[in-house]
Amino acid sequence: MTLPDLILPQATDNVIQSADIALVGGVAVSIPANMDSRPCDLVCIYWDNGRRAAKVIIDANLDFPVVFLIPDELTAIGQHTVWYDYLDNYENIVSSNLITVTIK
C-alpha cells in the first residue's frame with residue numbers, strides 16, 4: 001500500500017514562517033484519505049523522530065482528512081522532518097514519505 005503524501009497547509013515550498021505558526025499555536029499537518037482505510041486502523045504522526053499524536057479511524061468517510069497540530073514549542077527555527085505511519089487491523093505498518101520542512 002502506498003500512502004498519500006501529508007499536507008502542510010502553512011508551508012510554501014516546504015517553508016513555514018514562524019509568524020504563521022504563532023497564529024494557530026503550531027504546525028498543522030493534514031493526512032489525506034487512504035482508500036484502504038478500515039475501522040480501528042491507526043494513524044500516527046512523527047515530528048523530528050518522535051511520535052507526537054495518533055488517531056484511531058472509526059469511519060473513513062468522516063475521519064479524513066486527519067489533522068494534527070504540532071505544538072509551537074516543538075517548532076524551533078531550522079529544519080524539521082515530518083511523516084506518518086499507518087497501522088491496519090492486521091498490524092501491517094506503512095510509512096509515508098518523509099518531508100523536510102524549514103521554519104523561518
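**Entry 1: burial.** What percentage of the 104 residues of the protein chain count as buried? I looked this up in a predicted model. I found that 40% of the 104 residues count as buried.

**Entry 2: secondary structure.** I then listed the elements of the protein chain and recorded 2 helices and 8 strands. Reading from the N terminus, I noted the order β-α-β-β-β-α-β-β-β-β.

**Entry 3: overall dimensions.** I took the extent of the C-alpha atoms along the principal axes, and they fill a box of roughly 40 × 25 × 20 Å. I also looked up the radius of gyration, which is 14 Å for the protein chain; this agrees with a compact globule, because such a globule of 104 residues would have a value near 13 Å.

**Entry 4: surface.** I noted an accessible surface of about 5,900 Å² for the protein chain. Carbon and sulfur atoms account for 52% of this surface.

**Entry 5: a nonpolar patch.** Which residues make a nonpolar surface patch of about 320 Å²? I identified L23, V24 and L69. Is L23 buried or exposed? I recorded L23 as exposed, because its relative accessibility is 70% and the cut-off for exposed is over 50%.

Notes:
Residues numbered from 1 in each chain as written. Predicted model: local features only at pLDDT ≥ 70, side-chain atom pairs only at ≥ 80, totals over all residues. Heavy atoms only, no water. Patch = residues over 30% accessible without salt bridge, like charges linked within 9 Å, V, L, I, M, F, W, Y side chains within 5 Å. Areas by Shrake-Rupley, 256 points an atom, 1.4 Å probe, with all protein chains shown as cover. Salt bridge = Lys/Arg side-chain N within 4 Å of Asp/Glu carboxyl O. Buried < 20%, exposed > 50% of the residue type's maximum accessible area, 1.4 Å probe, protein only. Helix = DSSP H or I, 4+ residues; strand = E, 2+ residues; numbered from the N terminus. Rg over C-alpha atoms; globule rule 2.2 N^0.38 Å.
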